[in-house]
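Subject: Structure handover

Hello,

Here is the structure for you to look at. My notes on what was found in it follow below.

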Amino acid sequence: MSKYILAIDQGTTSSRAMIIDDNLKIISISQQEVANTFPKPGWVQMSASEIWTSVQYVCLNAIEKAKIDVKDIKTIGITNQRETTIVWDKKTGLPVYDALVWQSRQTNELCEKAVRAGYTDVIKRKTGLPIDPYFSSSKIRWILDNIENGQKRAENGELLFGTVDSWLVYKLTNGSVHITDVTNASRTMLMNLDTLKWDQELLDIWNVPNCMLPEIKDSSEIYGYTHIFGTKLPIAACVGDQQSALFGQMCFEKGQCKNTYGTGCFLLFNTGNKRVESKNGLVTTVGWKIKDEIVYALEGSVFVAGAAIQWLRDGLKVIEKASETERIAYELESSDGVYVVPAFTGLGAPYWDQNAKGAIFGLTRGTTTNHIIRATLESLAYQTYDLIEAMQQDTDLTIAALQVDGGACRNNYLMQFQSDLLQTKIVRPENFETTALGAAMLAGLATGIFVDKNDLIDKYKVEQKFEPYLNSMQVQKLIYGWKKAIKATMEF
Ligand code: ADP
């Protein structure tokens, strides 16, 4: 008889729940959109109550759709949008302010103040992070400053803070468990990456009272139980979404890495039990912790990836569907020296140029829209190449393969071109839902559904592998052109 896992994937635009069986097969999925609000330019907020209501709905709906006996569900694993900050009242369990979403920039000034005060180095050394509104600490500060008596109430122990994982566990356990896991804590800018504990010096910098913080736990252990789905269920995993995908892609060994091709790209690189300091502007983070095993990762992101394909569709209106780009790219013999640098919101790692704007290079009389389409698609692969090159420089590790997921990894032309650029194998799994899968696997490990990681590896099904077709001379030429395009973009 199968044992089932309920995986919750709470994201910025939607909440999802899945029932996954002990062979890692997805039995049912339920999804509900959640609203983002933009009260002022650059601010992004969500209702924490709506997050909770939508999670309850998708869980119940996924259970119903699966048509299984609820008693056969053995555990819950949670993965979530990271950094998003919620503060709630301990007595009522109600949020005191909207959730401040990771993208939200309302704490720009607070962060600039921290930079001026000279905290950049100590924060980087202790947390692996650059001072930026992205992370939770300045968001907590902002909420406490913007509600009545915020600081006093927090110091009196009346308020609690949590990232989305904490909030969901708190609600699922009816307010009896206030925890987070190391991966989520590593994005708050308050946890010391070496001790894996809240760090008083960091708390002092942001003036955040210790008593409002959740207890930091492993990514895979039983934190508590929920009774709201008609059976007693252990909640046995919390893990940030990108780390969950790294785990779900079975990148268990040092040097293994995954890339998610979504609106942006998120590349995570397992650096083993040692944290690696990046010289190329990558972020050092925790991959996961299971008992004594701690895995660190380097993380790099591309701001505009699938979003560049959306621009072809909605901005330039030269395609109707994202998937058309595959056929168009295959129909051309080459991109004819055309490069698109989609720096619509500046350039991220390893270039870090906030002011860069997008550009197209190499146009001739022979250039057609299709060349521009193909070059735009290729820009996803070039940007990923840049991140991997940076990671290899930081670590001296060479990658043996890149595991891929996310909507745009369906594009065979893109995957082949990525393999060529990296001169490395690309591995695309049958199941793209690696984010939910990671949380399910971690919950299953904590509750004995899976014996160990080997048990999991056996269940990983590869859908397709892509091997390099171009030789390294041909690739060097292409990359030379890309680097010239980047340089010119930054000089413009
Ligand atoms: P997110 O989770 O960030 O919303 P998804 O993983 O659902 O993103 O991926 C959607 C993105 O992938 C969109 O930006 C879309 O333009 C792009 N995309 C989807 N399918 C393809 C395809 N076949 N070829 C190229 N890009 C695609």
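In this predicted model, a backbone N or O atom of Gly-306 lies 3.1 Å from an oxygen atom of the ligand. Gln-310 also faces a ligand oxygen atom, in this case through a polar side-chain atom at 2.7 Å. On Asn-411, an N or O atom of the side chain is 3.0 Å from a nitrogen atom of the ligand. On its own the ligand has 580 Å² of accessible area, and the protein covers 67% of that.

The shell around the ligand consists of 13 residues. Gly-306, Gln-310 and Asn-411 are among the closest, and so are Thr-263 and Gly-407. By type, the shell holds nine polar residues, four nonpolar ones and no charged ones. Which helix gives the most to this shell? Helix H10, residues 306-315, does, with four residues.

Next, the chain as a whole. The protein chain contains 16 helices and 23 strands. Its radius of gyration is 22 Å, while the globule rule gives 23 Å for 492 residues; the two values are close, so the chain is as compact as a globular protein of that length. Along the principal axes, the C-alpha trace spans about 70 × 60 × 40 Å.

Of the 492 residues in the chain, 61% are buried. The accessible surface of the protein chain is about 20300 Å², and carbon and sulfur atoms account for 49% of it. If contacts with a separation of 6 or more are taken, 72% of them in the protein chain are between residues 24 or more positions apart.

Thr-84 sits in the loop that runs between strand E5 (73-80) and strand E6 (86-89). Is Thr-84 buried or exposed? Its relative accessibility is 0%, and buried means under 20%, so Thr-84 counts as buried. The side chain of Thr-84 reaches the backbone nitrogen of Trp-102 at 3.2 Å. Leaving out residues up to four places away in sequence, Thr-84 touches Ala-99, Leu-100, Val-101 and Trp-102, as well as Gly-162, Thr-163 and Val-164.

Regards

Key. Residues numbered from 1 in each chain as written. Predicted model: local features only at pLDDT ≥ 70, side-chain atom pairs only at ≥ 80, totals over all residues. Heavy atoms only, no water. Near = heavy atom within 4 Å. Polar contact = N/O pair within 3.5 Å; in protein donor to acceptor, adjacent residues only side chain to side chain. Areas by Shrake-Rupley, 256 points an atom, 1.4 Å probe, with all protein chains shown as cover. Helix = DSSP H or I, 4+ residues; strand = E, 2+ residues; numbered from the N terminus. Nonpolar A, V, L, I, M, F, W, Y, C, P; charged D, E, K, R; others polar. Rg over C-alpha atoms; globule rule 2.2 N^0.38 Å. Buried < 20%, exposed > 50% of the residue type's maximum accessible area, 1.4 Å probe, protein only. Contact = heavy atoms within 4.5 Å.
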